[in-house]
Amino acid sequence: MNIVQLKKLSYDEVAKCNKCGFCLPSCPTYLVKKAESYSARGRNAITRFAIENKLELNEDTERAIFTCLGCGACTAVCLSSVQTKDLIFQNRECQVDAGFYPKVAKRLVKILEESHNISDEDQEDRAEWQELIKELPEDAFEKETADVVFFVGCVASFFPMVQKIPANMAKIMQSAGVDFTILGGEEWCCGFPLIGAGMPEKLAAMKDHNLKKVAKVGAKTIVFTCPSCYHTWHHFYKSDAKLMHASQLILELIKDKKIEFNKNIKGVATYHDPCDLGRNTGVYEEPREIIKAIPGLEFVELPMNRKFSVCCGGGGNVEMTDPDLSAQVAQTKLASIKAVGADTVLTACQQCVRTMETRAKRSKTDLVVKDLTQLVIEAME
Amino acid sequence: MDKQKLIASLNEIVGPDNVLSSEMDLMLYSYDASLDKAKPDVVVLPDSTEEVSKIMALAYKEKIPILGRGSGTNLTGGTVPIKGGIVVHFSRMNRILEIDYANRTATVQPGVITLDLQTEVLKKGFVYQPDPASQKVSTIGGNVSENSGGPHCLKYGVTSNHVQGLEVVLNDGTVINTGGKARDNAGYDITALVVGSEGTVGLVTKAILKLERAPESVKTLLAIFDAIEDGANTVSAIVAEGIIPATLEMMDNTVMRAVEETIKVGYPLDAACVLIIELDGMPEGMDDNASKIVEICRQNHVRDVRLAKDEAERNVLWAGRKGAFGSVGQVRPSYLCCDGTVPRTKLPEVLNQVIEIGKKYNLPIGNVFHAGDGNLHPLIMFDERDEDERSRVLKASTEILKACADAGGTISGEHGVGMEKLKETAFIFNECDLEFERQIKRAFDPDDIINPGKMIPANS
Amino acid sequence: MVDDTEKFKNLSETLGEAHVKTEPKITAQYTVDNVVPRAVVFPKNTDQISEVVKFANRENLAIVTRGSGTKMAMGNPPRKLDLVVCTSRMNHMLDVDTSNLTMTVEAGVKFRDIQARLATQEDRCYLPLGDLEAEGDEIICSDRSHSGCFVPIDPPYADKATIGGIIATNSTGPRRLLYNLPRDCIIGIRVVAPNGDVLGSGGKTVKNVSGYDVSKLMVGSMGTLGILCETTLRMLPLPEKMETLLVSFANFSDASAFAGRIFETSLLPAAVEIMNGEAFGHLSLDDKPDFGSNGYVAAIALEAFEPAVDRMRIEMLNMAKEAGAGANAVFEEEDHRSFWLAMSNLSATLDKKFSGFIKAKLNYPLSMWKNIIASGESIFSEANLDYIVQAHAGNGICFTGLLVDNNDTSATDKAVEAMNQLLAYCQEVDGNLVIQSAPADVKSNLRIWGKIGFDFVVMKRLKDQLDPKGIMSPGRFVEGL
């Protein structure tokens, strides 16, 4: 996208920013970096100045624009409802066109085009996580047809730290008698990282492939453990199937008494709303209802919750483009969790689990990080 | 001084990570929440008083303009570096240094966000009273420099009434302390002079703020009117009756609609205006007082008076009020706020004039303001990309401020003169008044390097 | 003595001969710390003051401004004194806007006249109208607004002091606990600057950030930056009910425990005054309860809605009991007002009784008040001095006075030594001790303004810039400014 196109697309929206600054304290990167270029207001100003030809896109603007976590917290507090996240992603397209974008993004695109997953792994290994389930026949979850498709996502498929999430989700569905399948090697990346990388046009191939595969299974429902896949399907795919996040399905199963909790879980837990699940797709209550259904567990809210939840640091590809910044944001998140007296943080996203757990380990923070699926399995056993 | 040399010297003081000088960074410190823009030569993010002192000493030696900045929410260009130079961004100096409940003080760095302090002390049942609408983002340093007000200032006074002492870096880098935990210090009230000085006398690096016990009881009323005039008359009548509530805020239809777009408050969108009236203190006698207020509202043809039934309802009423400025972006992309203030008895008359001025220049004007203080905030809405509209806005603004001054009021109640109202100072000051102010400025800053070009018009 | 009649002829032409006095028998009545001025002038308005100051500039004359003269013993002895500018003729209330709850008055207006003007039709007033002595030709302003308002300042010498003097000396009293200070209620001024310019700042709006806050700069500046001519003040409606609780305690420790309990609650008393038996004993008040003379007395002012006053009385008397209180008394309405007027006049009473009376104002961080008073008690009793202690609890302010006869040189020496010791202690806890009045001949042995603040460097710069010739009250203020 060039500046002229950007102007057409973004000028009216970015002009709505009257620079009141209310977004500053809600922007996780500003809170860490404390400079205007790392704030939502600053990034909008860059877009505006670029459109007005007062500022050229260059390495500096690249750094500012590509360190946005895409968490959307700024818009949640914006009184003019400026759609900053969208503006940033549009600006990124411009940055890409101008040649100022992170090398990792370039590599990522190449990998996605060639391997169809973000890890540059063999697609055949996508269902490797099934090995975590004891005595499971190989490819047990890969059926020709099923009521439900479980869309696993790249991160949970390939990062060992979070492979237990799909394993647990599969166990839950299995025990509840849900007729489901995974796409295995035929599942491609949903394309979400491409939007963050400023190359949304490349998403089409991914989308077409995935839609075709799901249609073939004939599933009426697609379930996601990954909020970003879920969000991408919601906003960029056109599918007739019912899209559900794992937490929504699990809550239905609880309500239908398909799964029951037999074990008391001790401790004080809080819940971190993943940006793409909560603020960006609107799923707030189901995870909380699940947590409240768990016997024994004490639940406390974070002061900034639901719509105002603070990003864990894992959003917007920043983990790749500026790992230090991502880690600092995560550290802030951990501090806010410890401050409410929780010993466990629950969430419903493999990326949030990875970011927070890695950070907790590195900083020797005494905190248990769990995906909801893990909590549910523990309480079922 | 050569720019590269300046940057090198600053690098030595705060480290290169905390010196910003790219074209992009300079552009990003060229604005605040006002309409003005001007680029600095360099931005620096100090972490201690010592660093600030060294930066100031450097500026003094080299005669480089220098100005402090918090969250950049100023509405009159107070944080726009009109003469270039060094912008000192206090975002890293954001520590609450001490909360001393026994002495009822909080000592904070200038970058502390007002609401963060308030949230912290409320845990122990204390309040820091000044509550500017921007308290979620504005910093104490900014509040001190601008002498910020807010809805509750009707009863409790503005920032100046709640600052007990300051640490200030003077023009030559000398660090002084004014006031302190003990009150009534001998000598001139330098604290009072620095508060509201719009950052023109020094850089504030620490503030000792007064804490008070939170009121035992709060009652919040929403009075709904079908005519603006009735609302304005009610305000005057309440004050004339000798009742000073904790707040007496007015919001008109235009603003209510804008707010409702983002925050679902449940304002009556078919009403002409509402008053948010809050009483606080000991509960005894509060009901009687509330009844008196309701009676005054009735005499002025109120449609309905609602009582916030719980804390949640109260919070959402206030969220709407405090978010009002930003939300006018739902109507037009830009706004100019005229902060004119009038004796409270003149409110109905001046409000009418404001409406007429809006019509004259064919500009939508929203009104949301501290009615009990007579502190108007007409928000003229426009699109600053439209040059013609912009020039009409500036004319309308001047005319509104003139109307306020003519009514025995002033051109700024709480946002400051900045660079936006320099010429309007002529409405309220004569040359002697201004010369006295210039003398004060010279006492602090004979070289005119500290936030130059602000608050006092240059000698004509 | 030089005859200055000729020199001041110009002034006589401007002000009228009757208003420029150079006769020694008159000037002798206007001495400042025994320094006799060459002339006393009585300007009638701001413009005349401006003329006087311009004249002083030309002739290089040092000016001291005076209202009713209640606080002339404050400050260092003047370095130089030529003209006393007396504001007594500037006694006009220029604008009493009760609907706006503001009033603008000239500097020479007496505080009591302001309050009287705001009384209700039934003569309910913040000061007890009946108790105010009118001197000779004075009449308390009869042009009542019947608004039932008051200006929320609670200064000493309430029946004589002028508003100009109150502001110039930042006079405050016990009820600042609820109503704050003169700096919080002054919203506008007109001043004659040291160069003779007439300038204004602020106005009739309760909020104003247009320019530097010159009004507040003038508060407590002792006439060293100009002459305050007119001032605009905010007012408040009279409280629905006014009541005083007097409670006696055996000692300071019990009395202070009681005060401490009050500040743990959300109750809103107007004043919590803790004084020793000596102070209470000297109060000039009819029907004063007999609490003995050894202990301490807590005086609580309650000024609020009736049910709130009722609740505070009940709860506070209970707290007092728990703190080991002795006898108590309750004063309502007019008795309440008479009591606080007597409190306000305590210094004046003692001034008359003791020729060597030395009075000091102590300030300190709130939490240090018990230590401060304990320290004062021990220093004074060790020196075998009679003293009064009067603490504005909850404000971090305490007044203390040594009841000395000026002819008793040994007692005077001990008194000076004791004050200096107490100053040292105050400094230790980040406080200060300022001498409010002392006989002129002992002043040189006292540090009148106590310790110098870190901001003195700025004060000096301001003074040099605004009054380069040093003609306004030279020498009297902090560090001889």
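This is a predicted model: local features need pLDDT of at least 70, side-chain atom pairs count only at pLDDT 80 or more; totals for chains, interfaces and linings use all residues.
Local features need pLDDT of at least 70 and side-chain atom pairs pLDDT 80 or more, while totals for chains, interfaces and linings use all residues; side-chain values use heavy atoms, without hydrogens and water. Residues are numbered from 1 along each chain as its sequence is written, and chains are lettered from A, and ligands numbered from 1, in the order in which they are written.

In chain C, 8 strands (DSSP E runs of at least two residues; pairing needs at least two DSSP bridges) form an open antiparallel sheet, ordered β15-β12-β14-β13-β17-β18-β16-β19. Strands β15 (328–332) and β19 (432–437) of chain C stand at the edges; each has a single partner strand, so one side of each lacks a neighbour in the sheet. The twist averages 20° from one strand to the next. Strands β16 (358–363) and β18 (397–402) of chain C run antiparallel and are joined by 6 bridges. Here C:Lys361 has C:Phe399 as its bridge partner in β18(C).

Between chains B and A, 41 residues of chain B are in contact (heavy atoms within 4.5 Å) with 34 residues of chain A. The buried area (accessible area, 1.4 Å probe, lost on being put together and summed over both parts) is about 2,900 Å². Carbon and sulfur atoms give 62% of that area. B:Met24, B:Tyr31 and B:Arg385 lose the most area in chain B, together 23% of what that side buries. The count of salt bridges (Lys or Arg side-chain nitrogen within 4 Å of an Asp or Glu carboxyl oxygen) is 3 between chain B and chain A. A:Arg48 and B:Glu384 meet in a salt bridge at 3.6 Å, N to O.

Conventions: Helices (H or I, at least four residues) and strands (E, at least two) are DSSP runs, numbered from the N terminus. Axes are lines fitted to C-alpha atoms, for helices over the stretch in contact, and angles run from 0 to 180 degrees between N-to-C directions. Buried area is the accessible area (1.4 Å probe) that two parts lose on being put together, summed over both.
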